[in-house]
Amino acid sequence: MTEPFLSIRGIRKTFGAFTAVKDVTMDVAEGEFMTFLGPSGSGKSTTLYILAGFQDPTDGDILLKGQSLLSTPSHKRNIGMVFQRYTLFPHLSVGENVAFPLRIRRVGQAEVTERVKKALKLVRLEGFEDRKPALMSGGQQQRVALARALVYNPPVLLMDEPLSALDKKLREEIQFEIRRIHQETGVTILYVTHDQEEALRLSDRIAVFSQGEIDQIGTGQELYANPATHFVAGFIGDSNFINAEVLSAADGKAKLSLPGGTVVDGVPMHAGKAAGKSASLLLRPERLSLSSARIDNGLAVTINDITFLGNNVEVSTQTGNGESLSVRLPFGHEAISSISRGDQAWLSFEPQTTHAFA
Ligand code: ATP
């Protein structure tokens with residue numbers, strides 16, 4: 001087997017009695033865009049700082065092309081880093097900010113000039129060498145930070161929520177730029193965010209962090225279609241959960257009884273659950289069909305609200321025992337004209353679009 005490019009092995013980090021990172025293990029391929037996605041406090045940044053060398057792990061190792069990084073101090077790891085705040089040197093010009101990593105490495109002036117020019121061209125800031133950071137917008141400053149991180153061609157670039165200080169429109173614009181730069185340079189990127197949309201937009205694969213552990217690693221599509229845990233199902237895509245009773249289970253599929261007596265067979269389910277036990281059933285709002293006419297074995301609901309969201313219409317419904325279920329229908333869908341608030345309606349779905357969890 002070939003050596004993985006970057007291998008994070010059994011990383012654990014404690015702060016006193018508190019364990020911030022429990023056991024993080026993953027391999028990252030050369031040129032891959034890997035995102036750490038998870039809520040605040042789930043250990044994403046701590047893992048990234050350990051990679052950067054800002055913190056030492058309590059346990060575990062990090063190998064780059066088979067060599068442990070742990071004994072190499074941060075400034076010698078040759079890893080680029082971009083933070084949430086722009087962290088540019090305010091007294092230095094844009095050109096000197098970008099040149100900084102080259103100055104530390106004692107690169108000759110002619111090469112510095114050329115490399116700075118190339119890096120600024122990469123981030124579409126050609127000709128900004130003499131500008132002071134204070135005279136630039138947040139988005140431009142973050143591009144300068146990106147140019148500075150890439151100017152010495154590091155094999156790995158770490159990015160810790162680099163866009164969270166920007167407004168939505170600018171964020172989307174720079175997401176697009178980051179994708180382009182990733183494709184143009186082929187640099188391996190590890191990216192931290194708590195924003196699922198950003199993760200889905202940028203990443204080759206996503207590692208979903210929860211309470212210091214990785215619940216699942218996969219492409220966005222894999223995580224959406226086949227979530228390994230209740231947490232992943234709730235964090236990627238939109239989700240409804242309702243309580244169900246397991247009637248039987250075998251070979252990763254379950255037969256469930258839902259409130260109101262609806263029975264569904266062939267529901268994907270991780271980890272065997274015994275008959276008679278309760279389970280939580282994931283129903284994606286966009287995978288539910290709604291009908292104002294009774295459907296055999298359909299889930300009876302009451303319409304609580306109908307909200308127009310541009311391309312989509314969100315219908316809030318409630319089951320007989322008070323569980324809320326949101327349904328997303330495309331704008332203009334025929335079912336919408338036949339329902340009003342307070343009406344009875346029926347939901348149906350394909351079992352393979354759902355998932356049951358413990
Ligand atoms: P955020 O997006 O909020 O930064 P995160 O997923 O990146 O969240 P971390 O910053 O890695 O999470 O923090 C994980 C946990 O470790 C948090 O509960 C945090 O309070 C704790 N923690 C981080 N650094 C320290 C430290 N130096 N001392 C004590 N606790 C820490």
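1. Strands β6 (residues 79-82) and β7 pair in the parallel sense, over 4 bridges. Strands here are DSSP E runs of at least two residues and helices are H or I runs of at least four, numbered from the N terminus; two strands pair if DSSP finds at least two bridges between them. Val-82 has Met-159 of β7 as its bridge partner. On β8 (residues 188-193), β7 pairs in the parallel sense over 5 bridges, and Asp-160 is bridged to Val-192 of β8.

2. The model is predicted, and local features need pLDDT of at least 70, side-chain atom pairs count only at pLDDT 80 or more, and totals for chains, interfaces and linings use all residues. Residues are numbered from 1 along each chain as its sequence is written.

3. Is strand β7 (residues 156-160) enclosed or open, and why? It is largely enclosed by the rest of the structure, because 5 of its 5 residues are buried. Buried means that 20 or more other C-beta atoms lie within 10 Å of the residue's own, exposed that 12 or fewer do, and partly exposed is in between, with C-beta atoms placed from the backbone. Val-156, Leu-158 and Asp-160 point one way from β7, while Leu-157 and Met-159 point the other way.

4. The protein chain has 9 helices and 20 strands. Its C-alpha atoms fill a box of roughly 75 × 45 × 40 Å along the principal axes. Of the 358 residues in the chain, 37% are buried. Taking contacts between residues at least 6 apart in sequence, 65% join residues at least 24 apart; a contact requires C-beta atoms, placed from the backbone, within 7 Å.

5. The domain assignment gives domain 1 (6-232) and domain 2 (238-350), with bounds that come from an automatic or database assignment. The C-alpha centres of these two domains lie 40 Å apart.

6. The largest nonpolar core has 89 residues, and Val-98, Ala-147, Leu-158, Leu-190, Val-208, Leu-256 and Ala-356 have the most contacts inside it. Such a core is a set of buried Ala, Val, Leu, Ile, Met, Phe, Trp, Tyr and Cys residues joined through C-beta atoms within 7 Å. Helix α4 (residues 138-150) supplies the largest share of this core, 6 residues. At least three residues of the core come from each of domain 1 (6-232) and domain 2 (238-350). In soluble globular proteins, nonpolar side chains tend to be buried together.

7. Leu-190 can be looked at individually. Leaving aside residues up to four places away in sequence, Leu-190 touches Val-28, Met-34, Phe-36, Leu-48, Leu-51, Val-156 and Leu-158.

8. Ala-145 is placed in helix α4. Ala-145 counts as buried because it has 24 C-beta neighbours inside 10 Å. Ala-145 and Ser-289 are 144 residues apart in sequence, and their C-alpha atoms are 47 Å apart in space.

9. In helix α2 (residues 94-104), the buried residues are Val-94, Gly-95, Asn-97, Val-98, Ala-99, Pro-101 and Leu-102. The buried residues of α2 pack against α3 (109-122) and α4. Arg-106 follows α2 and has a positive phi, near 55°.

10. Two other positive phi values belong in the backbone check. Most residues other than glycine have a negative phi. Lys-65, in the loop between β4 (59-64) and β5 (67-68), has phi near 50°. Lys-65 counts as exposed because there are 11 C-beta neighbours inside 10 Å. Gln-211, in the loop between β9 (205-210) and β10 (213-218), also has a positive phi, near 50°. With 15 other C-beta atoms within 10 Å, Gln-211 is partly exposed.

11. Which residues are closest to the ligand? They are Phe-15, Ala-20, Ser-40, Ser-45 and Thr-46, in a shell of 13 residues; a residue is near a molecule if its C-beta atom, placed from the backbone, lies within 6 Å of it. The elements that give two or more residues to this shell are β2 (18-28) and α1 (44-52). Helix α1 gives the most, with 3 residues. By class, the shell has 4 nonpolar, 8 polar and 1 charged residues. Ala, Val, Leu, Ile, Met, Phe, Trp, Tyr, Cys and Pro count as nonpolar, Asp, Glu, Lys and Arg as charged, and the others, Gly among them, as polar.

Technical notes:
Two residues are in contact if their C-beta atoms, placed from the backbone, lie within 7 Å.
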